[in-house]
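Please follow the paragraphs below with the sequence and the model open side by side.

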Amino acid sequence: MTESRSLVDSYGHYIGGHWVDPDSGRYDVVDPATEQVIATAPDASVAQVESAIASARAAFDSGIWSGAAPEERSRCLQQLSDALLARADDFYALAQTEWGCTANERLIQIEGPAFMVGRAAELALEPIEAPADFWGAAGTTLLRYEPLGVVAAMTPWNFPHTLNVMKLRAALAAGNTMVLKPSPLTPLAGLALARIIDEETDIPPGVVNVVTPSGIDASKALTLDPRVDMVTFTGSSAVGRDVMAAAATTMKRILLECGGKSACIFLDDVDVTDELLERVLFDGCTLHAGQACILNSRLVVPDEIHDDVVSRLVELARNVTVGDPRDPDVAMGPLISPGHLERVEGFVHRAERDGAKVVAGGERPKDLGTGYYFEPTILTDATPESYIAQEEVFGPVLTVLRYRGDDEAVAIANNSAYGLGGAIWGTDVERAVDVARRIRTGQVSINGTISGDAPFGGFNQSGIGREGGVMGLRAYMEPKAIGVPA
(Lines give C-alpha, C1' and ligand atoms only; values in the text may rest on other atoms or scores of the structure.)
Protein backbone atom coordinates (compact mmCIF):
# COMPACT_ATOMS: atom_id res chain seq x y z
CA MET A 1 0.00 0.00 0.00
CA THR A 2 1.33 3.45 -0.93
CA GLU A 3 2.15 5.57 2.11
CA SER A 4 -0.02 8.68 2.37
CA ARG A 5 1.98 11.89 2.12
CA SER A 6 0.64 15.40 1.72
CA LEU A 7 0.93 16.87 -1.76
CA VAL A 8 0.44 20.38 -0.37
CA ASP A 9 4.04 21.55 -0.34
CA SER A 10 6.31 24.40 -1.38
CA TYR A 11 7.96 22.87 -4.45
CA GLY A 12 10.61 24.06 -6.86
CA HIS A 13 10.23 23.91 -10.63
CA TYR A 14 10.65 20.47 -12.19
CA ILE A 15 13.17 20.78 -15.04
CA GLY A 16 15.22 18.01 -16.62
CA GLY A 17 14.30 15.53 -13.92
CA HIS A 18 15.48 17.83 -11.10
CA TRP A 19 13.78 20.16 -8.63
CA VAL A 20 15.12 23.62 -9.39
CA ASP A 21 14.95 26.70 -7.17
CA PRO A 22 13.00 29.60 -8.69
CA ASP A 23 14.93 32.54 -10.09
CA SER A 24 12.10 35.03 -9.48
CA GLY A 25 11.01 34.41 -5.91
CA ARG A 26 7.82 32.72 -4.75
CA TYR A 27 4.13 33.58 -4.55
CA ASP A 28 1.35 32.52 -2.21
CA VAL A 29 -1.15 29.76 -2.89
CA VAL A 30 -4.47 30.49 -1.19
CA ASP A 31 -7.22 28.11 -0.07
CA PRO A 32 -10.42 29.62 -1.56
CA ALA A 33 -12.57 28.14 1.20
CA THR A 34 -10.65 29.69 4.09
CA GLU A 35 -8.66 32.52 2.42
CA GLN A 36 -5.57 31.15 4.17
CA VAL A 37 -2.15 30.73 2.54
CA ILE A 38 -1.46 26.99 2.27
CA ALA A 39 1.93 27.05 0.50
CA THR A 40 4.13 29.08 -1.79
CA ALA A 41 4.85 28.34 -5.43
CA PRO A 42 8.01 28.99 -7.43
CA ASP A 43 7.92 31.92 -9.84
CA ALA A 44 9.96 31.92 -13.03
CA SER A 45 11.56 34.42 -15.36
CA VAL A 46 11.56 34.10 -19.14
CA ALA A 47 15.07 32.59 -18.86
CA GLN A 48 13.92 29.84 -16.52
CA VAL A 49 10.98 28.95 -18.77
CA GLU A 50 13.43 28.82 -21.67
CA SER A 51 15.56 26.42 -19.61
CA ALA A 52 12.56 24.09 -19.31
CA ILE A 53 11.98 24.31 -23.06
CA ALA A 54 15.64 23.47 -23.68
CA SER A 55 15.31 20.42 -21.43
CA ALA A 56 12.24 19.18 -23.31
CA ARG A 57 13.92 19.87 -26.67
CA ALA A 58 17.06 17.92 -25.73
CA ALA A 59 15.00 15.01 -24.45
CA PHE A 60 12.98 14.85 -27.65
CA ASP A 61 15.96 15.19 -29.97
CA SER A 62 17.83 12.46 -28.10
CA GLY A 63 15.08 9.97 -28.96
CA ILE A 64 14.94 8.74 -25.36
CA TRP A 65 11.15 8.93 -25.47
CA SER A 66 10.15 9.47 -29.10
CA GLY A 67 12.39 6.58 -30.12
CA ALA A 68 11.35 4.29 -27.30
CA ALA A 69 9.31 1.22 -28.16
CA PRO A 70 5.55 1.79 -27.87
CA GLU A 71 5.47 -0.95 -25.24
CA GLU A 72 7.95 1.01 -23.10
CA ARG A 73 5.93 4.23 -23.32
CA SER A 74 2.80 2.23 -22.48
CA ARG A 75 4.50 0.66 -19.46
CA CYS A 76 5.56 4.04 -18.09
CA LEU A 77 2.10 5.50 -18.57
CA GLN A 78 0.55 2.53 -16.79
CA GLN A 79 2.97 3.15 -13.91
CA LEU A 80 1.66 6.71 -13.73
CA SER A 81 -1.96 5.55 -13.83
CA ASP A 82 -1.35 3.09 -11.01
CA ALA A 83 0.47 5.70 -8.93
CA LEU A 84 -2.30 8.27 -9.38
CA LEU A 85 -4.88 5.74 -8.22
CA ALA A 86 -2.74 4.73 -5.27
CA ARG A 87 -2.36 8.37 -4.24
CA ALA A 88 -5.99 9.30 -4.97
CA ASP A 89 -6.74 10.30 -1.37
CA ASP A 90 -3.71 12.58 -1.32
CA PHE A 91 -4.74 14.24 -4.58
CA TYR A 92 -8.28 14.64 -3.23
CA ALA A 93 -6.95 16.39 -0.12
CA LEU A 94 -4.93 18.70 -2.38
CA ALA A 95 -7.98 19.34 -4.57
CA GLN A 96 -10.16 20.22 -1.60
CA THR A 97 -7.56 22.67 -0.36
CA GLU A 98 -6.20 24.27 -3.53
CA TRP A 99 -9.25 24.56 -5.77
CA GLY A 100 -12.30 23.65 -3.68
CA CYS A 101 -13.20 20.18 -4.97
CA THR A 102 -16.25 18.65 -3.24
CA ALA A 103 -17.07 14.98 -2.71
CA ASN A 104 -19.56 14.88 -5.60
CA GLU A 105 -16.77 15.95 -8.00
CA ARG A 106 -14.16 13.49 -6.83
CA LEU A 107 -14.59 10.94 -9.63
CA ILE A 108 -14.24 13.67 -12.29
CA GLN A 109 -11.33 15.40 -10.60
CA ILE A 110 -9.33 12.57 -9.03
CA GLU A 111 -9.99 8.98 -10.13
CA GLY A 112 -11.00 10.09 -13.65
CA PRO A 113 -7.52 11.44 -14.51
CA ALA A 114 -5.90 8.19 -13.33
CA PHE A 115 -8.20 6.21 -15.62
CA MET A 116 -7.35 8.62 -18.46
CA VAL A 117 -3.67 7.73 -18.15
CA GLY A 118 -4.53 4.04 -18.13
CA ARG A 119 -6.40 4.54 -21.39
CA ALA A 120 -3.39 6.45 -22.77
CA ALA A 121 -1.23 3.43 -21.98
CA GLU A 122 -3.47 1.49 -24.36
CA LEU A 123 -3.45 4.26 -26.99
CA ALA A 124 0.36 4.29 -26.95
CA LEU A 125 0.16 0.86 -28.59
CA GLU A 126 -1.93 2.10 -31.52
CA PRO A 127 -0.18 1.37 -34.87
CA ILE A 128 1.67 4.43 -36.14
CA GLU A 129 2.21 3.16 -39.69
CA ALA A 130 0.01 1.19 -42.06
CA PRO A 131 -0.69 0.90 -45.80
CA ALA A 132 -3.43 3.28 -46.90
CA ASP A 133 -5.64 3.05 -49.95
CA PHE A 134 -5.56 6.41 -51.76
CA TRP A 135 -7.22 7.13 -55.10
CA GLY A 136 -4.90 7.09 -58.08
CA ALA A 137 -1.95 5.70 -56.12
CA ALA A 138 0.74 3.64 -57.82
CA GLY A 139 2.45 1.11 -55.65
CA THR A 140 1.77 1.38 -51.91
CA THR A 141 1.37 4.46 -49.75
CA LEU A 142 2.30 4.11 -46.11
CA LEU A 143 0.49 6.50 -43.79
CA ARG A 144 2.66 7.15 -40.77
CA TYR A 145 1.97 9.21 -37.62
CA GLU A 146 4.96 10.75 -35.86
CA PRO A 147 5.21 12.82 -32.67
CA LEU A 148 5.27 16.57 -33.16
CA GLY A 149 8.17 17.27 -30.81
CA VAL A 150 8.02 19.62 -27.83
CA VAL A 151 4.52 20.37 -26.56
CA ALA A 152 3.82 23.39 -24.36
CA ALA A 153 0.69 22.78 -22.29
CA MET A 154 -1.06 25.69 -20.58
CA THR A 155 -3.84 24.68 -18.21
CA PRO A 156 -6.50 26.55 -16.18
CA TRP A 157 -7.42 26.55 -12.50
CA ASN A 158 -10.90 25.03 -12.56
CA PHE A 159 -10.07 21.33 -13.15
CA PRO A 160 -6.28 21.55 -12.92
CA HIS A 161 -5.41 17.94 -12.18
CA THR A 162 -7.84 16.61 -14.78
CA LEU A 163 -6.60 18.95 -17.49
CA ASN A 164 -2.91 18.60 -16.63
CA VAL A 165 -3.30 14.84 -16.98
CA MET A 166 -5.53 15.04 -20.08
CA LYS A 167 -2.87 16.92 -22.02
CA LEU A 168 0.15 15.11 -20.62
CA ARG A 169 -1.22 11.63 -21.25
CA ALA A 170 -1.95 12.24 -24.95
CA ALA A 171 1.27 14.13 -25.61
CA LEU A 172 3.37 11.39 -24.00
CA ALA A 173 1.44 8.50 -25.56
CA ALA A 174 2.20 10.08 -28.95
CA GLY A 175 5.93 10.24 -28.15
CA ASN A 176 6.32 13.96 -27.47
CA THR A 177 8.10 15.73 -24.63
CA MET A 178 6.38 18.46 -22.65
CA VAL A 179 6.60 21.71 -20.72
CA LEU A 180 3.54 22.06 -18.49
CA LYS A 181 2.54 25.47 -17.18
CA PRO A 182 -0.36 25.35 -14.72
CA SER A 183 -2.39 28.38 -13.71
CA PRO A 184 -0.74 30.46 -10.95
CA LEU A 185 -4.00 30.04 -8.99
CA THR A 186 -3.48 26.26 -8.84
CA PRO A 187 0.24 25.58 -9.33
CA LEU A 188 0.46 22.76 -6.79
CA ALA A 189 -1.64 20.43 -8.95
CA GLY A 190 0.99 20.44 -11.69
CA LEU A 191 3.92 20.23 -9.31
CA ALA A 192 2.33 17.32 -7.42
CA LEU A 193 1.91 15.52 -10.75
CA ALA A 194 5.61 16.09 -11.42
CA ARG A 195 6.42 14.59 -8.02
CA ILE A 196 4.52 11.41 -8.87
CA ILE A 197 6.26 11.18 -12.26
CA ASP A 198 9.64 11.72 -10.62
CA GLU A 199 9.20 9.32 -7.71
CA GLU A 200 7.01 6.56 -9.07
CA THR A 201 7.57 6.17 -12.82
CA ASP A 202 10.38 5.41 -15.23
CA ILE A 203 9.53 8.34 -17.52
CA PRO A 204 13.00 9.65 -18.44
CA PRO A 205 14.32 13.00 -17.20
CA GLY A 206 13.43 15.94 -19.43
CA VAL A 207 10.36 14.29 -20.95
CA VAL A 208 8.09 16.20 -18.56
CA ASN A 209 8.99 19.62 -17.21
CA VAL A 210 6.74 21.76 -14.98
CA VAL A 211 7.20 25.49 -14.46
CA THR A 212 4.82 27.84 -12.67
CA PRO A 213 5.52 31.46 -13.71
CA SER A 214 3.04 34.10 -12.60
CA GLY A 215 3.98 36.68 -15.22
CA ILE A 216 2.63 37.08 -18.72
CA ASP A 217 6.02 37.41 -20.43
CA ALA A 218 7.34 34.16 -18.98
CA SER A 219 4.14 32.37 -19.95
CA LYS A 220 4.15 33.88 -23.43
CA ALA A 221 7.63 32.48 -24.02
CA LEU A 222 6.02 29.07 -24.40
CA THR A 223 4.01 30.31 -27.38
CA LEU A 224 6.87 32.21 -29.05
CA ASP A 225 9.94 29.99 -28.60
CA PRO A 226 10.81 28.27 -31.92
CA ARG A 227 11.93 25.13 -30.06
CA VAL A 228 8.28 24.47 -29.14
CA ASP A 229 6.40 22.57 -31.85
CA MET A 230 2.87 22.64 -30.43
CA VAL A 231 0.86 24.65 -27.92
CA THR A 232 -2.15 23.09 -26.24
CA PHE A 233 -4.24 25.49 -24.19
CA THR A 234 -7.43 25.28 -22.14
CA GLY A 235 -8.93 28.53 -20.88
CA SER A 236 -10.94 31.52 -21.98
CA SER A 237 -11.60 32.26 -25.63
CA ALA A 238 -10.00 35.71 -25.27
CA VAL A 239 -6.70 34.26 -24.06
CA GLY A 240 -7.01 31.44 -26.59
CA ARG A 241 -6.99 33.99 -29.40
CA ASP A 242 -3.81 35.53 -27.98
CA VAL A 243 -2.19 32.09 -27.75
CA MET A 244 -3.18 31.37 -31.35
CA ALA A 245 -1.73 34.67 -32.58
CA ALA A 246 1.58 34.17 -30.77
CA ALA A 247 1.91 30.55 -31.93
CA ALA A 248 1.36 31.68 -35.51
CA THR A 249 4.71 33.52 -35.51
CA THR A 250 6.49 30.18 -35.92
CA MET A 251 3.47 28.27 -37.29
CA LYS A 252 3.20 26.00 -34.25
CA ARG A 253 0.49 23.40 -34.18
CA ILE A 254 -2.26 24.40 -31.76
CA LEU A 255 -4.99 22.70 -29.80
CA LEU A 256 -7.37 25.12 -28.10
CA GLU A 257 -10.22 24.20 -25.77
CA CYS A 258 -11.87 27.44 -24.79
CA GLY A 259 -15.12 28.82 -23.43
CA GLY A 260 -18.64 27.52 -23.63
CA LYS A 261 -22.24 28.61 -23.17
CA SER A 262 -23.84 25.26 -23.74
CA ALA A 263 -27.57 24.61 -23.87
CA CYS A 264 -29.58 21.84 -22.26
CA ILE A 265 -32.85 21.29 -24.12
CA PHE A 266 -35.92 19.67 -22.63
CA LEU A 267 -38.07 18.33 -25.46
CA ASP A 268 -41.81 18.53 -24.88
CA ASP A 269 -42.06 14.77 -24.31
CA VAL A 270 -39.50 14.76 -21.50
CA ASP A 271 -40.33 13.02 -18.25
CA VAL A 272 -39.34 15.67 -15.72
CA THR A 273 -38.40 13.61 -12.68
CA ASP A 274 -36.76 14.94 -9.54
CA GLU A 275 -33.64 12.96 -10.45
CA LEU A 276 -33.48 14.69 -13.82
CA LEU A 277 -33.77 18.13 -12.28
CA GLU A 278 -31.04 17.31 -9.76
CA ARG A 279 -28.81 16.20 -12.64
CA VAL A 280 -29.57 19.35 -14.66
CA LEU A 281 -28.90 21.61 -11.68
CA PHE A 282 -25.53 19.91 -11.14
CA ASP A 283 -24.53 19.87 -14.83
CA GLY A 284 -25.72 23.43 -15.43
CA CYS A 285 -25.07 25.28 -12.20
CA THR A 286 -23.42 23.69 -9.16
CA LEU A 287 -20.70 21.47 -10.69
CA HIS A 288 -17.52 22.93 -9.19
CA ALA A 289 -19.52 26.06 -8.31
CA GLY A 290 -20.26 26.57 -12.00
CA GLN A 291 -16.58 26.90 -12.87
CA ALA A 292 -16.63 24.54 -15.84
CA CYS A 293 -16.44 25.33 -19.55
CA ILE A 294 -18.65 22.32 -20.32
CA LEU A 295 -21.43 23.60 -18.04
CA ASN A 296 -24.91 23.53 -19.63
CA SER A 297 -25.63 26.99 -18.27
CA ARG A 298 -28.64 27.67 -20.53
CA LEU A 299 -31.69 25.51 -19.84
CA VAL A 300 -34.08 25.67 -22.80
CA VAL A 301 -37.56 24.58 -21.72
CA PRO A 302 -40.94 24.28 -23.51
CA ASP A 303 -43.23 27.15 -22.60
CA GLU A 304 -45.94 24.83 -21.28
CA ILE A 305 -43.71 23.30 -18.57
CA HIS A 306 -41.46 26.30 -17.91
CA ASP A 307 -43.07 27.49 -14.67
CA ASP A 308 -43.25 24.02 -13.14
CA VAL A 309 -39.62 23.26 -14.00
CA VAL A 310 -38.45 26.60 -12.59
CA SER A 311 -40.35 26.24 -9.32
CA ARG A 312 -38.92 22.78 -8.73
CA LEU A 313 -35.37 23.88 -9.63
CA VAL A 314 -35.66 26.82 -7.25
CA GLU A 315 -36.50 24.46 -4.40
CA LEU A 316 -33.55 22.24 -5.25
CA ALA A 317 -31.17 25.20 -5.55
CA ARG A 318 -32.18 26.57 -2.17
CA ASN A 319 -31.41 23.21 -0.57
CA VAL A 320 -27.86 22.94 -1.94
CA THR A 321 -25.39 22.99 0.95
CA VAL A 322 -22.63 25.51 0.22
CA GLY A 323 -19.45 25.58 2.24
CA ASP A 324 -15.99 24.19 2.92
CA PRO A 325 -15.42 21.22 0.58
CA ARG A 326 -13.74 19.26 3.38
CA ASP A 327 -17.20 18.88 4.95
CA PRO A 328 -18.66 15.68 3.41
CA ASP A 329 -22.17 17.16 3.57
CA VAL A 330 -21.23 20.12 1.37
CA ALA A 331 -22.50 19.91 -2.22
CA MET A 332 -20.93 23.11 -3.61
CA GLY A 333 -17.67 24.77 -2.68
CA PRO A 334 -16.16 28.22 -3.26
CA LEU A 335 -15.19 30.19 -6.30
CA ILE A 336 -11.46 30.36 -6.92
CA SER A 337 -10.62 33.95 -5.94
CA PRO A 338 -12.09 37.23 -4.67
CA GLY A 339 -11.74 38.78 -8.11
CA HIS A 340 -13.68 35.94 -9.70
CA LEU A 341 -16.36 36.20 -7.02
CA GLU A 342 -16.84 39.86 -7.89
CA ARG A 343 -17.00 38.98 -11.58
CA VAL A 344 -19.79 36.44 -11.08
CA GLU A 345 -21.69 38.83 -8.83
CA GLY A 346 -21.37 41.48 -11.54
CA PHE A 347 -22.90 39.17 -14.14
CA VAL A 348 -25.99 38.65 -11.99
CA HIS A 349 -26.41 42.36 -11.28
CA ARG A 350 -26.12 43.18 -14.97
CA ALA A 351 -28.67 40.48 -15.82
CA GLU A 352 -31.13 42.07 -13.40
CA ARG A 353 -30.56 45.50 -14.97
CA ASP A 354 -31.22 43.92 -18.37
CA GLY A 355 -34.60 42.60 -17.22
CA ALA A 356 -33.83 39.09 -15.98
CA LYS A 357 -35.36 37.91 -12.71
CA VAL A 358 -33.39 36.20 -9.95
CA VAL A 359 -35.66 33.43 -8.66
CA ALA A 360 -33.04 31.68 -6.52
CA GLY A 361 -29.72 32.77 -5.06
CA GLY A 362 -27.99 35.77 -6.55
CA GLU A 363 -25.95 36.68 -3.49
CA ARG A 364 -23.05 35.70 -1.30
CA PRO A 365 -24.27 33.35 1.44
CA LYS A 366 -24.99 35.38 4.56
CA ASP A 367 -23.79 32.64 6.92
CA LEU A 368 -20.35 32.31 5.30
CA GLY A 369 -18.20 35.30 6.17
CA THR A 370 -14.94 33.69 5.05
CA GLY A 371 -14.26 32.13 1.66
CA TYR A 372 -15.23 33.05 -1.88
CA TYR A 373 -18.76 31.68 -1.93
CA PHE A 374 -21.79 32.49 -4.09
CA GLU A 375 -25.24 30.97 -3.90
CA PRO A 376 -26.59 28.66 -6.63
CA THR A 377 -28.48 31.11 -8.80
CA ILE A 378 -31.37 30.66 -11.21
CA LEU A 379 -32.47 33.40 -13.62
CA THR A 380 -35.62 33.65 -15.70
CA ASP A 381 -37.13 36.23 -18.10
CA ALA A 382 -33.83 36.77 -19.95
CA THR A 383 -33.91 36.92 -23.74
CA PRO A 384 -31.72 34.58 -25.79
CA GLU A 385 -29.81 37.63 -27.05
CA SER A 386 -29.13 39.11 -23.59
CA TYR A 387 -25.65 39.38 -22.15
CA ILE A 388 -26.31 36.73 -19.48
CA ALA A 389 -27.49 34.27 -22.15
CA GLN A 390 -24.53 34.96 -24.44
CA GLU A 391 -21.46 35.29 -22.22
CA GLU A 392 -19.78 32.63 -20.12
CA VAL A 393 -20.28 33.41 -16.43
CA PHE A 394 -18.06 30.63 -15.06
CA GLY A 395 -20.06 30.59 -11.86
CA PRO A 396 -23.15 28.89 -10.36
CA VAL A 397 -25.67 30.71 -12.52
CA LEU A 398 -28.31 28.88 -14.60
CA THR A 399 -30.39 30.87 -17.11
CA VAL A 400 -33.76 29.31 -18.00
CA LEU A 401 -35.15 30.22 -21.44
CA ARG A 402 -38.60 29.45 -22.89
CA TYR A 403 -39.25 28.08 -26.38
CA ARG A 404 -42.07 26.89 -28.60
CA GLY A 405 -41.29 24.09 -31.06
CA ASP A 406 -38.08 22.22 -31.90
CA ASP A 407 -36.98 24.78 -34.48
CA GLU A 408 -36.93 27.56 -31.90
CA ALA A 409 -35.09 25.35 -29.40
CA VAL A 410 -32.37 24.67 -31.98
CA ALA A 411 -32.20 28.36 -32.89
CA ILE A 412 -31.71 29.32 -29.23
CA ALA A 413 -29.02 26.65 -28.74
CA ASN A 414 -27.17 27.88 -31.85
CA ASN A 415 -27.51 31.55 -30.90
CA SER A 416 -24.03 31.65 -29.37
CA ALA A 417 -20.45 32.52 -30.24
CA TYR A 418 -19.51 29.23 -28.59
CA GLY A 419 -20.16 25.58 -29.39
CA LEU A 420 -18.56 23.26 -26.85
CA GLY A 421 -21.21 20.97 -25.38
CA GLY A 422 -24.91 20.48 -24.91
CA ALA A 423 -27.59 18.10 -23.75
CA ILE A 424 -31.02 16.95 -24.88
CA TRP A 425 -33.59 15.18 -22.74
CA GLY A 426 -36.67 13.52 -24.20
CA THR A 427 -38.57 10.26 -24.55
CA ASP A 428 -38.35 9.94 -28.34
CA VAL A 429 -34.64 9.19 -28.85
CA GLU A 430 -34.82 9.34 -32.65
CA ARG A 431 -36.29 12.83 -32.44
CA ALA A 432 -33.62 13.83 -29.91
CA VAL A 433 -30.88 12.61 -32.25
CA ASP A 434 -32.38 14.68 -35.06
CA VAL A 435 -32.29 17.78 -32.86
CA ALA A 436 -28.72 16.98 -31.79
CA ARG A 437 -27.60 16.83 -35.43
CA ARG A 438 -28.83 20.39 -35.93
CA ILE A 439 -26.92 21.88 -32.98
CA ARG A 440 -23.53 23.41 -33.82
CA THR A 441 -21.45 22.11 -30.96
CA GLY A 442 -18.63 19.65 -30.33
CA GLN A 443 -20.51 17.27 -28.05
CA VAL A 444 -24.18 16.60 -27.38
CA SER A 445 -25.39 14.06 -24.84
CA ILE A 446 -28.85 12.56 -25.18
CA ASN A 447 -30.46 11.58 -21.90
CA GLY A 448 -27.05 11.81 -20.26
CA THR A 449 -25.23 9.49 -22.67
CA ILE A 450 -21.72 10.33 -23.91
CA SER A 451 -18.57 8.22 -24.08
CA GLY A 452 -15.59 9.28 -22.00
CA ASP A 453 -13.39 8.45 -25.00
CA ALA A 454 -15.41 10.61 -27.41
CA PRO A 455 -13.61 13.52 -29.09
CA PHE A 456 -13.86 16.63 -26.89
CA GLY A 457 -13.58 20.15 -28.27
CA GLY A 458 -15.66 22.91 -29.76
CA PHE A 459 -17.09 24.75 -32.71
CA ASN A 460 -16.73 28.50 -33.21
CA GLN A 461 -14.95 30.31 -30.34
CA SER A 462 -14.93 27.19 -28.19
CA GLY A 463 -11.64 26.19 -29.75
CA ILE A 464 -9.72 24.29 -32.40
CA GLY A 465 -9.00 20.57 -32.42
CA ARG A 466 -10.16 17.63 -30.30
CA GLU A 467 -8.93 15.77 -27.25
CA GLY A 468 -9.76 12.22 -26.18
CA GLY A 469 -9.41 8.80 -27.76
CA VAL A 470 -7.53 8.05 -30.96
CA MET A 471 -8.53 11.38 -32.51
CA GLY A 472 -7.07 13.19 -29.51
CA LEU A 473 -3.88 11.14 -29.76
CA ARG A 474 -3.47 12.03 -33.44
CA ALA A 475 -3.86 15.73 -32.57
CA TYR A 476 -0.40 15.46 -30.98
CA MET A 477 1.12 13.82 -34.08
CA GLU A 478 1.96 14.68 -37.70
CA PRO A 479 0.78 12.44 -40.53
CA LYS A 480 3.41 11.50 -43.11
CA ALA A 481 2.71 9.77 -46.43
CA ILE A 482 5.47 7.51 -47.78
CA GLY A 483 5.11 6.31 -51.35
CA VAL A 484 6.58 2.85 -51.93
CA PRO A 485 6.87 1.68 -55.55
CA ALA A 486 5.33 -1.63 -56.54
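Leu85 lies in helix α2 (residues 70-86); helices here are DSSP runs of H or I, at least four residues long, numbered from the N terminus. Leu85 is partly exposed, with a relative accessible area of 34%, where buried means under 20%, exposed over 50% and partly exposed in between, using a 1.4 Å probe and protein chains only.

The model is predicted: local features need pLDDT of at least 70 and side-chain atom pairs pLDDT 80 or more, whereas totals for chains, interfaces and linings use all residues. Residues are numbered from 1 along each chain as its sequence is written, and side-chain values use heavy atoms, without hydrogens and water.

Helix α1 covers residues 46-62. Its 17 residues should span 24 Å at 1.5 Å a residue, and the end C-alpha atoms are 24 Å apart, which agrees; the expected span is 1.5 Å times one less than the number of residues. At the start of α1, a side-chain oxygen of Ser45 comes to within 3.3 Å of the backbone nitrogen of Ala47. After α1 comes Gly63, with a positive phi near 80°. The buried residues of α1 include Val49, Ala52, Ile53, Ala56 and Phe60. An α-helix has 3.6 residues a turn, so residues three or four places apart point the same way.

How many disulfides are there? The count is 0, a disulfide being a pair of cysteine sulfur atoms within 2.5 Å. Cys258 is in no disulfide, and the nearest cysteine sulfur, in Cys293, is 9.0 Å away, too far for a bond. Cys258 is buried at 3% relative accessible area, and Cys293 also counts as buried, at 14%.

Technical notes:
Helix = DSSP H or I, 4+ residues; strand = E, 2+ residues; numbered from the N terminus. Polar contact = N/O pair within 3.5 Å; in protein donor to acceptor, adjacent residues only side chain to side chain.
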